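Load the model in your viewer and follow the selections below in order.

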Amino acid sequence: MSNTKDTIAAISTAPGEAGIAIIRISGNKSLEIADKIFLSPSKKKPSLLPANSFAYGHIVDSQGNIIDEAIVLVFRRNHSYTREDVVEIQCHGGRISSKKILTAVIEAGARLAEPGEFTKRAFLNGRLDLIQAEAVIDLIRAQSDLSARLAMEQLEGNVSYCLRMIYDKTLALCADIEASLDFDEDEVPEILSANIVTPLREIITEVEELIKTWDEGRIIREGVLVAIAGKPNVGKSTLLNSLLGYERAIVSEIPGTTRDLIEEQCIIDGIVFRFVDTAGIRESECKIEREGVNRTKNILKRADLILYVAEAPYPLSSDDLALISDFKNKCAIVMNKTDLGIATHGNEIPPEIPSVYTCLIKEKNNGILEIKNMLINMLNVSSQKSIPAVVISERHKQTLTEVLSALKTASSLINTEYDMQVIAAQHIRKACNKLGELLGTTYTEDLLDKIFSKFCLGK
């Protein structure tokens, strides 16, 4: 466990060439350390600056040698990111100056911060709850405008508000059932039982509704895994290149060119789509191609959506229809090569399966917009819709599932004999404790380490 009384420091900007680099210092000795290494033309020390102010000067090492010119920003306790005294040093970008300044800061009395330790202190000092703290890393890792908006909604406290309301209701329910257990078995008032049963059912419904938002939250946060599948030489790699807008996969008239999975991503209507070009599905004597087909079958199981590519001049085969049927809840059909004709006989596309007719050769490249619209419609998610209080963390989903199980068990026991009501009370307390873990009102050091270890240094 890290010592929260230490003054910590880290480089908060990404390494490499840039206009500026930022070194962040937080803790009781922040201003004292800044005084040791900062020289200002006005001779005014950082510790004498008012809150939320800055000064220009130079950073020096322990021998008094100038490292770089810099701007020092001062944030006072309770009005900073960590709610501790914070000093941020802005120097020239690049690897050398920032590292030398960080070394000077550490030599002056700070220690190197652990990953996420600044945000961890913001949580421990009450500036953020645990859900808001987790939103920080989601915002940093956001790959699209929509995922950034979602993280910002969580950081602003929308998810926390929903969960805190549920937590408060569950806590009140705990008090009511504990009060009912103070009566003798034959004296529990009927009105008190009603005061427990009705709100318990309401809480169960609210938790269920919140869990339902997990799929949408996961898609926005992590992206949509889309497998591009079909027989060899139907245009799968051409489709990938057309969706991306550049040549990523090798396109050849030779069947079986793609033998491994090729994954790239692009953003459509604010959603990150992770497209995977797969090996053509067929029987083969080639060991490498067989392995490619096996990988294709595995990715089809994992994929959120499947674009099954077939040739428009020919009717779908029984093998095509069998695979489509296996994944009909997440499959769409791309009938390619319409320039060569469209089959008007034989097996028809199942009406419940979305489909698009395309000609993906460079000279025409028809149907890409329709495919993108089809994908968005299949998800029923759009950057234009309002964002609900979405559960966007696997930890949230798992914990809420445990909460729901405990509450449902309590509900099944609440109107039974007295001994069972005692057990029901224990399950409601368990649900309350789990909600506390979710918000961070109760936590273990192991839980905090697990969450904040995912952060980068300097945040």
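**Whole chain**

Start with everything selected: among contacts between residues at least 6 apart in sequence, 65% join residues at least 24 apart. The model is predicted. Switch to a cartoon view, where the chain shows 15 helices and 13 strands. Colour by burial next; buried residues make up 49% of the 459 residues.

**Helix α4**

Select residues 130-141, which form helix α4. Its 12 residues span 17 Å from the first C-alpha to the last, close to the 16 Å expected at 1.5 Å a residue. How many of the 12 residues in α4 are buried? The count is 9, so the helix is mostly covered by the cut-off of under 20% relative accessible area. The buried ones are L130, I131, Q132, A133, E134, A135, V136, I137 and D138.

**The nonpolar cores**

Move to the largest nonpolar core, which has 32 residues. Select L163, I177, V207, L400 and L407, the members with the most contacts inside this core. Then show α6 (158-180), α7 (190-212), α13 (394-413) and α14 (418-439), the elements that each give two or more residues to the core.

Centre on I177. Leaving aside residues up to four places away in sequence, I177 touches I196, I414, Q421, A424, A425 and I428.

Finish at another core, of 31 residues, which lies apart from the largest one. Among its residues are V234, L243, F275 and L360.

Conventions. Residues are numbered from 1 along each chain as its sequence is written. This is a predicted model: local features need pLDDT of at least 70, side-chain atom pairs count only at pLDDT 80 or more; totals for chains, interfaces and linings use all residues. Side-chain values use heavy atoms; hydrogens and water are left out. Helices (H or I, at least four residues) and strands (E, at least two) are DSSP runs, numbered from the N terminus. Buried means under 20% relative accessible area, exposed over 50%, partly exposed in between (1.4 Å probe, protein chains only). Contact means heavy atoms within 4.5 Å. The expected span of a helix is 1.5 Å times one less than its number of residues. A nonpolar core is a set of buried Ala, Val, Leu, Ile, Met, Phe, Trp, Tyr and Cys residues joined through side-chain atoms within 4.5 Å.
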